[in-house]
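Please work through each task before reading its solution.

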Amino acid sequence: MSEETDPLEPNDNEQNLEPQETITKVTGMYKDWFLDYASYVILERAVPAIEDGFKPVQRRIMHSMKDLDDGRYNKVANIVGHTMQYHPHGDASIADAMVQIGQKDLLIDTQGNWGNILTGDRAAASRYIEARLSKFALDVVYNPKITEWQSSYDGRRKEPINLPVMFPLLLAQGGEGIAVGLSTKILPHNFIELIDASVKHLKGKRFTILPDFPTAGNADFSNYNDGLRGGKVRVRAKISPGDKNTLVITEIPFSTTTSSLIDSILKANEKGKIKIKKIEDNTAANVEILIHLPSGLSPDKTIDALYAFTSCETSISPLGCVIEDNKPYFVGVSEMLRRSTDNTVQLLKSELEIKLSEYEEQWHFASLERIFIEKRIYRDIEEEETWDGVISAIDRGLQPHIKHLKRAITVDDITRLTEIRIKRISKFDIDKAQQKIDALEDLIAQVKHHLAHLIDYAIAYFERLKKDYGEGKERKTEIRIFDDVDATKVVIRNTKLYVNREEGFIGTALRRDEYVCDCSDIDDIIVFTNDGKMMVTKVDSKTFIGKNIIHVDVFKKKDKRTIYNMIYRDGKSGPSYIKRFAVTSMTRDREYDLTNGNKGSALLYFSANPNGEAEIVTIMLRQAGSIKKLKWDVNFSDILIKGRTSKGNQVTKYSIKRVELKEKGVSTLKPRKIWFDDTVQRLNVDARGELVGEFRGEDRLLVITQSGMVKTMTPELTSHFDSDMIVLEKWIPKKPISAIYYDGEKERYYVKRFIIEQEGKEELFISDHSNSQLEIVSTDWRPMADVEFTKERGKERKENMEVNLEAFISVKGITALGNQLTKDKINQVGLLESLPYEAEESVPADELEVVDEEMLSGESTTKDTDESDLDDTGQATLF
């Protein structure tokens, strides 16, 4: 019996082996394994091939559906099971990929609950839903004769390397995938536009293609960059006012669902970015989300706030990456379409060449068959005893008659002749045989013509696809150019700003101190102190600015209309200066000195004026020496508006006791010019689009729509306008509006003239019958209309009638029916050139132009007053 050892005690052998242990580095192995894994994921899982636009799992699904296709629906579970013969992965990934193809409504004809791309609802289990190939898929995806094949993963079956897709399918469906080290995101494009672009490419013309999303919505493709890396697409929901307290979302951005969109709106509401009362989701076949607003809240501003703070606007970054020759290839959508179209041409050519070969083979045998039977060569084999003898006898019998054949006779040809049955020989009709040969010759000539004119044949092919399958595939996404939304202008002011003037603190947490105004947590705050310092800082709970704060407000960037009036003393005992300036730009948290910078400078008077008001103040001097005049008035309207760095005009060299407000001022700014940019359907002050007019604070816009609605509104840059708007101009309250409309109930045309009496109210000025429609509307003083009558059968058409609308009817109320235009049937109504009218001239108020701060970088348009400009009273001569 062997001696037992204590397992806890190391034996000598173990002690000898321990120093011989070595460390094996796996760096090389890791590099190889990772590269193999990355290559597999890129090539076999995530990225589609440029040839047919399919990822491997999608290609295998389509191949399996063709295997099972008998024209009837198949359970998706059966298709998934069949696909697992080709795809070495789980059934769940196959089912998910199949649902995604089915939801694109192009290749698969679905039945059952396949989910909803609008709401994000998932499809039912694969055992409950069914599918079959669509007619379009059967037409463009399959042709076994021109398909290259390879063995499946287990070698038991054959699967296609690429399917012979004769259509830019990848661009039509889009594609997205994340691989190791790279990703792809190809956006879906419009079916009809892709066909049109392919035809343009075949004709040698330039083309442009832009995405079209199944969720519709509006999109800005100005930075699309042809779908390459670095591009960006902005997509917005379609939001329209339901009434003054309701917004309706009828289309959502691509890559969102109604559920995710509602969640983002609720989160923005919780954070105080927007304010809503409640939200309802009535989505079924079409999107309908109702947003109820609190009373008094602007719908236009809320729409912009939804775009700024929720998923109602999203940005999509495309990245065109495909597999070509087993390598990832980054390519734009235009080049994808060219490659796909050129590949389609080559596939059509291969298809025609195979057809030509088949037709020529049929013609060859039909000719041999006719010779064999018509010349009774079958009788030559009666005395032959061997198979070789039979072949030789038939060959000898055919030789005198085969000079017109296009190829030599083979043993296989003769073998096929021996297989003709006696019954067929006995009923052989020479005329029918010749007709068959003639028909084959026509087909051969037709195919050769197509091959000789391959591009024309390809164009006809694409046009046939458009005709057969293009119905109902019109563009869903509206192409727009978006105006940027300034978040600070549309955010709800959800917090309160306080100030401790003496200690120099501002913030939202100083609830015991002085209330300033409501603000939002993304606002900037502008602060002025008594020593002539200014600072702009971000809203925070508590921020130290500097002691003796004299003014605090929310700062508006690029605001040229808010003018600050101030009088300051230069140094402890220096002269006093007066200046007016706007603050249009700044660096946040930087302190700016509005005085000359001398120690001891202090503000004697300060005011902030939202519309450039210029007040009159009284200057009171201290009694000193021989000063004769101790009191006089200064009007800020006499001072030009300069930059904040301007020194200003000297008021006096003597010590000022105090400055008192004598009279509040009026605006010294010019009326604000407002333009309407039709591209983005928004107002602006940047001279983009068509000039609407010059507006003062009390002026309003006049808006008229094709549906017969009219309203006046404040010209706010955040305003949204209906797509059927036909009139947008500055409203002149005493100017009448003239209209001719068709009354659907009375089936007559009426003329009316009216003046808007209820400012700010939206009113209908035509009858509310469903068939009523507005024909013409004019805001000219003396409009003229041209009426063209319908030609009656057997009679000459009546001459057109010119109507002076001013003379035809007097101005009445907006709800009046109006006067009937004529009893005759009218073909159409148009506007003529209006009659001349001299409007009363209005006397403009005194105006001063705002000088941009950028124009005044250290230079003044008027000289600063020095002591030489003073009389013995110390009063300044102001420029």
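The structure holds 46 salt bridges, a salt bridge being a side-chain nitrogen of Lys or Arg within 4 Å of a carboxyl oxygen of Asp or Glu. This is a predicted model, in which local features need pLDDT of at least 70 and side-chain atom pairs count only at pLDDT 80 or more, whereas totals for chains, interfaces and linings use all residues. Residues are numbered from 1 along each chain as its sequence is written, and side-chain values use heavy atoms, with hydrogens and water left out.

**Exercise 1**

Task: Locate the partners of the salt bridge between Lys 145 and Glu 358, and classify the exposure of each.

Solution: 
- Step 1. The closest N and O atoms of Lys 145 and Glu 358 are 2.7 Å apart.
- Step 2. Lys 145 is in the loop between helix H6 (135–140) and strand S4 (148–151), while Glu 358 is in helix H11 (residues 333–374); the pair links distant parts of the chain, 213 residues apart. Helices (H or I, at least four residues) and strands (E, at least two) are DSSP runs, numbered from the N terminus.
- Step 3. Buried means under 20% relative accessible area, exposed over 50%, and partly exposed in between (1.4 Å probe, protein chains only). Lys 145, at 55%, is therefore exposed, and Glu 358, at 28%, is partly exposed.

**Exercise 2**

Task: Determine which parts of the chain are tied together by the salt bridge of Arg 700 with Glu 759.

Solution: 
- Step 1. In this salt bridge, the closest N and O atoms of Arg 700 and Glu 759 are 3.1 Å apart.
- Step 2. Arg 700 lies in the loop between strand S36 (690–695) and strand S37 (701–705), and Glu 759 in the loop between strand S41 (748–754) and strand S42 (763–764), so the pair ties together parts that are 59 residues apart in sequence.
- Step 3. Glu 759 has a relative accessible area of 47% and is partly exposed.

**Exercise 3**

Task: Describe the largest nonpolar core.

Solution: 
- Step 1. A nonpolar core is a set of buried Ala, Val, Leu, Ile, Met, Phe, Trp, Tyr and Cys residues joined through side-chain atoms within 4.5 Å.
- Step 2. The largest core has 99 residues, and those that touch the most other members include Met 98, Phe 136 and Leu 398.
- Step 3. H11 supplies the largest share of this core, 16 residues.
- Step 4. Leaving aside residues up to four places away in sequence, Phe 136 touches Leu 106, Leu 107, Phe 167, Leu 169, Phe 191 and Tyr 469 (contact means heavy atoms within 4.5 Å).
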